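Thank you all for coming.

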Amino acid sequence: MYILLSILTKLIVYYSYALIIYILMSWFPGARDTSIGRFFEKICEPYLEPFRRIIPPFGMIDFSPIVAFLVLRLASGGLRQLYYWFL
């Protein structure tokens, strides 16, 4: 059980890094049109889409990735608590 929780926590951390990279790519014109940009789009957009439906953008600023990132951090903290609970 410890190994599974550890792997899930690390996957969440790596996915958080992927989200950060994908979000930062929006600052550079044409970055999402590259093959790396399309790769990050394939893995990040399915997770971000439900948040975008719930939280509309305010003008030119989209706050949904921030909420999605916070949900990932809460999930990581929950898994960490489960890990310590099983010790």
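Predicted model: local features only at pLDDT ≥ 70, side-chain atom pairs only at ≥ 80, totals over all residues.

Let me start with phenylalanine 40, which lies in helix α2; helices here are DSSP runs of H or I with at least four residues, strands are runs of E with at least two, and both are numbered from the N terminus. Residues are numbered from 1 along each chain as its sequence is written, and side-chain values use heavy atoms, with hydrogens and water left out.

As for confidence, pLDDT is the predictor's own confidence in each residue, on a range from 0 to 100, and the chain averages 90, with 100% of the residues scoring at least 70. Confidence is lowest in α3, where the mean is 89, and highest in α2, at 94.

Now back to phenylalanine 40, which is buried, with a relative accessible area of 13%; buried means under 20% relative accessible area, exposed means over 50%, and partly exposed is in between, using a 1.4 Å probe and protein chains only. Leaving out residues up to four places away in sequence, phenylalanine 40 touches Ala18, Ile21, Tyr22, Met25 and Glu45, where contact means heavy atoms within 4.5 Å. Phenylalanine 40 and isoleucine 23 are 17 residues apart in sequence, and their C-alpha atoms are 9.6 Å apart in space.

Which residues touch the most other members of the largest nonpolar core? Of the 14 residues in that core, they are Leu19, Tyr22, Phe40, Cys44 and Leu48, and by a nonpolar core I mean a set of buried Ala, Val, Leu, Ile, Met, Phe, Trp, Tyr and Cys residues joined through side-chain atoms within 4.5 Å. The elements that give two or more residues to this core are α1 (2-25), α2 (35-54) and α3 (64-86), and α1 gives the most, with six residues. Cysteine 44, setting aside its neighbours within four places in sequence, is in contact with Tyr15, Ala18, Leu19 and Tyr22.

The contact is made by residues including Tyr15, Ala18, Leu19 and Tyr22 of α1 and Phe40, Cys44 and Leu48 of α2. Isoleucine 21, which lies in helix α1, is partly exposed, with a relative accessible area of 39%, and the C-alpha atoms of isoleucine 21 and cysteine 44, 23 residues apart in sequence, are 9.9 Å apart in space.

For α1 and α3, the axes come within 10 Å and cross at roughly 165 degrees, and that makes α1 roughly antiparallel to α3. Among the residues that meet here are Leu5, Leu8, Ile12 and Ser16 in α1, and Phe69, Leu72, Leu79 and Phe86 in α3. Is serine 16 buried or exposed? Serine 16 has its place in helix α1 and, at 5% relative accessibility, counts as buried; not counting residues up to four places away in sequence, serine 16 touches Phe69 and Leu72. Leucine 11, also found in helix α1, is partly exposed, with a relative accessible area of 48%.

The remaining pair I want to show is α2 and α3, whose axes come within 9 Å and cross at roughly 120 degrees, and these two helices are therefore oblique to each other. Here Tyr47, Leu48, Phe51 and Arg52 in α2 meet Ser64, Pro65, Val67, Ala68, Val71 and Leu72 in α3.

I will finish with arginine 53, which lies in helix α2 and, at 62% relative accessibility, counts as exposed. The C-alpha atoms of arginine 53 and alanine 31, 22 residues apart along the chain, are separated by 24 Å.

Terms used: Axes fitted to C-alpha atoms, helices over the stretch in contact; angles between N-to-C directions. Parallel < 35°, antiparallel > 145°, perpendicular 65-115°, else oblique.
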